Amino acid sequence: MDRKPIVLLVDDMPANIKILADCLSDQYRIKVATDGYKCLSIANSNDKPDLILLDIEMPELNGHEVCRRLKQSVETANIPVIFVTAKSENRDEEKGFKIGAVDYITKPIHPAIVKARVATHIILKLQKDELSYMINRDQLTRLYNRQYFLKLAYKKLARSIQHERDLSIIIIDIDDFNQINEQYGLTVGDNVIKNVASILTQHCGKEDIAARYTGEEFIILVEECNLQMASDKAENIRQSVAAATPGGLDITVSVGVAQINLNSSSFEQALKKASKALKDSSHSLHD
Ligand SMILES: Nc1nc2c(ncn2[C@@H]2O[C@H](COP(=O)(O)OP(=O)(O)OP(=O)(O)O)[C@@H](O)[C@H]2O)c(=O)[nH]1
């Protein structure tokens, strides 16, 4: 773990925040919010907390409402919330869990208990993050795997339809890859795949989604990109791979491109089109 986990402390009383921060600042990076809106804004930022300690009774937006909103949004639903509150009745605690909290700490604060509970939930959160990273990625290249790519692609497609933004796909296939394996062995083959993945990542913008689609085939979903732009990008990738001699070998890739018709065609149709374009281009390569 190369970064300190982030704990967000939310309480309208600065004195309470100070007590919690004194318990936790040795081990965690601390962020603070003195109202519910600030908490939601930090939780939705790029530098998200790994855990939120949330007071319940706050003016304007109370802790229950904040927790509900956090759990309703896909952006923030997986951030664990612990209520830290003076409300100590069993039914209060039960309500906290029903809303989606993972734990419930009652005031007055006992530093050792806060530390222990925070440690437990931080470990669980980090393990969960690691697990979902592994589930969604291809182990060799660290690109997204096909299943996760398709999940993200459908979301992106819906967004592109909503905002009427062009969307294109590029398929990239390493030529004669079977021969590389047979001639140089699987380890060299693996390195070639890794190198090609890294080259195409260099051509991807922040909003592009790149994945390992099959063994020696990659796919990129490019947002705000029409057919011509996608073709240019694909050609740049093709030339970069040819120039890079991945693993010391003269590797070439074939590319296929398709723009998704947001009005009529489906994602699957665009995939078929791109695959056909890829086949046509690799046939012409071998003709
Ligand atoms: N080294 C290595 N080989 C893999 C991996 N995944 C799949 N392969 C191999 O990649 C090869 C792909 O073979 P083909 O689909 O015939 O690909 P090709 O030789 O490029 O043929 P075309 O796609 O028709 O141009 C198969 O032999 C797979 O066993 C991997 O992770 N590492």
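Here is a short tour, stop by stop. Keep in mind that this is a predicted model.

**Stop 1: the two domains.** Start with the whole protein chain and colour residues 6-136 one way and 146-286 another. The domain assignment calls these domain 1 and domain 2. Their C-alpha centres sit 41 Å apart.

**Stop 2: the annotated stretch.** Now select residues 6-122. An unreviewed UniProt entry annotates this span as "domain: Response regulatory".

**Stop 3: a pair of helices.** Next, pick out helix H1 (residues 14-24) and helix H5 (residues 111-136). They pack at an angle of about 65 degrees, and their axes are 9 Å apart. Is the crossing left-handed or right-handed? H1 and H5 make a right-handed crossing. Which residues meet here? Show side chains for Leu20, Cys23 and Leu24 on the H1 side, then for Pro111, Val114, Lys115 and Val118 on the H5 side. This contact counts six nonpolar residues, no polar ones and one charged.

Stop 4: Go to Pro108, in the loop between strand S5 (103-106) and H5. The peptide bond leading from Lys107 into Pro108 is cis, with omega near 5 degrees. Then jump to Glu60, which you'll find in the loop between strand S3 (51-54) and helix H3 (63-72). Glu60 isn't a glycine, yet its phi is positive, about 65 degrees.

**Stop 5: the ligand.** Finally, centre on the ligand. How many residues surround the ligand? There are 16, and the closest are Phe177, Asn178, Leu186, Gly189 and Gly215. To see where the shell comes from, select strand S6 (167-174), helix H7 (177-184) and helix H8 (186-202): each gives at least two residues to it.

Notes:
Residues numbered from 1 in each chain as written. Predicted model: local features only at pLDDT ≥ 70, side-chain atom pairs only at ≥ 80, totals over all residues. Near = placed C-beta within 6 Å. Helix = DSSP H or I, 4+ residues; strand = E, 2+ residues; numbered from the N terminus. UniProt positions renumbered as here; feature names shortened; annotations may be inferred. Domains from an automatic or database assignment. Axes fitted to C-alpha atoms, helices over the stretch in contact; angles between N-to-C directions. Left-handed = near helix turned anticlockwise from the far one by under 90°. Contact = placed C-beta atoms within 7 Å. Nonpolar A, V, L, I, M, F, W, Y, C, P; charged D, E, K, R; others polar.
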